[in-house]
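Hello,

Here is the structure we talked about handing over. Have a look at it first, and then read on for what turned up.

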Amino acid sequence: MSCPKPRGECPGASPCGHSPNVREETTMHDHRRLGRELGLFDTDPLIGAGLPYWPPDGAAVRHTLEEYIRSAERRAGYRHVYSPVLGKRELYEISGHWSHYSDDMFPPMNLGGEQVVLRPSLCPHHAVIYRSRSHSYRELPLRMAELGGMYRSELSGVLGGLTRVRAIQLNDAHIFCTLDQVAEEAQAALEMIRRAYQALGITPARYRLSLPGPGGKYVAAPDMWQRSTALLTDVLDRSGLPYEATGGEAAFYGPKIDVQVTDGAGRESTLSTVQVDFHQPEQFDLHYIGADGAEHRPVMVHRSIIGSVERAVAHLIEKHGGAFPAWLAPTQLAILPISVGELPNAAALAQRCIDLGLRAEIAGPERGSLGARIRKARLVPYQAVIGAKEAAYDHVALRLRDGRRLDPQPAGDVLTRIGALIDAHSTDLWDNVTT
């Protein structure tokens, strides 16, 4: 799958951890086929290869996922920022990206005597934002997060679906902290990843401690590597998570904890990552004022809960076959009036869903028989059937995606129950929720 960061900040020598020359096999839930069939994303030659667009259903999934991440970050004490997708070449020369990864960046644009490039990473921008004003040790850890665009100059032959793209929306964050705070912040990031995977119905394949290897383009600072590796090793040991140490998989500026997932064909990729960086604080001359009144160098912890939105959605499509957890589904409730006579009740129920923030769609009798409409909505978590009797009492007969059929009950109770499950980001369709 496509890596959310440039080569060397990604899981392998190629950005996806497997050879770009290996042809992607078609799996039962190949996200490229299923995503297009379900209207989640598509591409067009006029827009360009590796530049997918998102129709309304796909945009709903993407927006919901992004808002979940932003909300989780806010609760964890992160402050969100925006930064431009362009930067001067000098910015990336300072960070080290230009010397290490210019081959994977788009060519510079000459503007008014300056060279400007599409950014391959968000971390240099966040370092500059941190540097824009002085900081006290009392402010640390300072947690800075952004869902921002970044770009990679991928060859046309390796592009595919959402997993190898040229425009990437990255869930990125950088924690500026003292050395004593690094372990706790890295541990907290792993816990955020665990909770997100639980809500998304994702199971990690393994945890990997990604270390430098021979012949790689790494920052030449042995002491720095030793310190950062020891920190992450301690975090993993304390967490009790089983992990494997693998050489040649580190970022150019430091080691990483990578959370690996597999697709239906058994291919492995990195979805989430936690990294320790002593290099860029040094390069950008970052400081904080300590309790002694002197300047001290912060440590920069990079962390991504879901990596790139594109990669995350691709994995979710393949994991769930389009049957997303209810909170993430593009349509959460299909309203099925049996006849034209129940259409006003269906419209009223749809409006109540809108008012409650639920995504509902009416599939009326003009779309075919009730059986045909039920089959058409097979991926929708909830189907509310309204016949003459239900309409008379403001009830619905609820069908769940897993095949369960519930006795008719008040529409308000049904919407309250569904809303509670969705607000809890539960993967359950009905059980274990108190209304």
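A charge counts as sitting over a ring if NZ of Lys or CZ of Arg is within 6 Å of the ring centre and within 35 degrees of the ring normal. Please keep in mind that this is a predicted model. In it, R417 places its charged end over the ring of W430, at 4.6 Å from the ring's centre. R227 likewise has its charged end over a ring, that of F278, 4.1 Å from the centre.

Next, the aromatic pairs. Searching the whole structure gives 4 of them. One of these is Y130 with F176, a stacked pair with 4.5 Å from centre to centre and 20 degrees between the planes. This pair links distant parts of the chain, since Y130 belongs to helix α5 (residues 123-131) and F176 to strand β6 (residues 167-177), 46 residues apart. Y130 and F176 are both buried. F252 and Y253 also form an aromatic pair, this one edge-to-face, with centres 5.0 Å apart and 80 degrees between the planes. F252 is buried, as is Y253.

Finally, a helix contact. Which residues of α10 meet α13? They are L349, R352, C353 and L356, and on the α13 side they meet A411, G412 and L415. The axes of α10 (residues 343-356) and α13 (residues 411-423) come within 11 Å and cross at roughly 35 degrees, and the crossing is right-handed.

Best wishes

Methods: Residues numbered from 1 in each chain as written. Predicted model: local features only at pLDDT ≥ 70, side-chain atom pairs only at ≥ 80, totals over all residues. Heavy atoms only, no water. Phe/Tyr/Trp six-rings, centres within 6.5 Å; stacked < 30°, edge-to-face > 60°. Helix = DSSP H or I, 4+ residues; strand = E, 2+ residues; numbered from the N terminus. Buried < 20%, exposed > 50% of the residue type's maximum accessible area, 1.4 Å probe, protein only. Axes fitted to C-alpha atoms, helices over the stretch in contact; angles between N-to-C directions. Left-handed = near helix turned anticlockwise from the far one by under 90°. Contact = heavy atoms within 4.5 Å.
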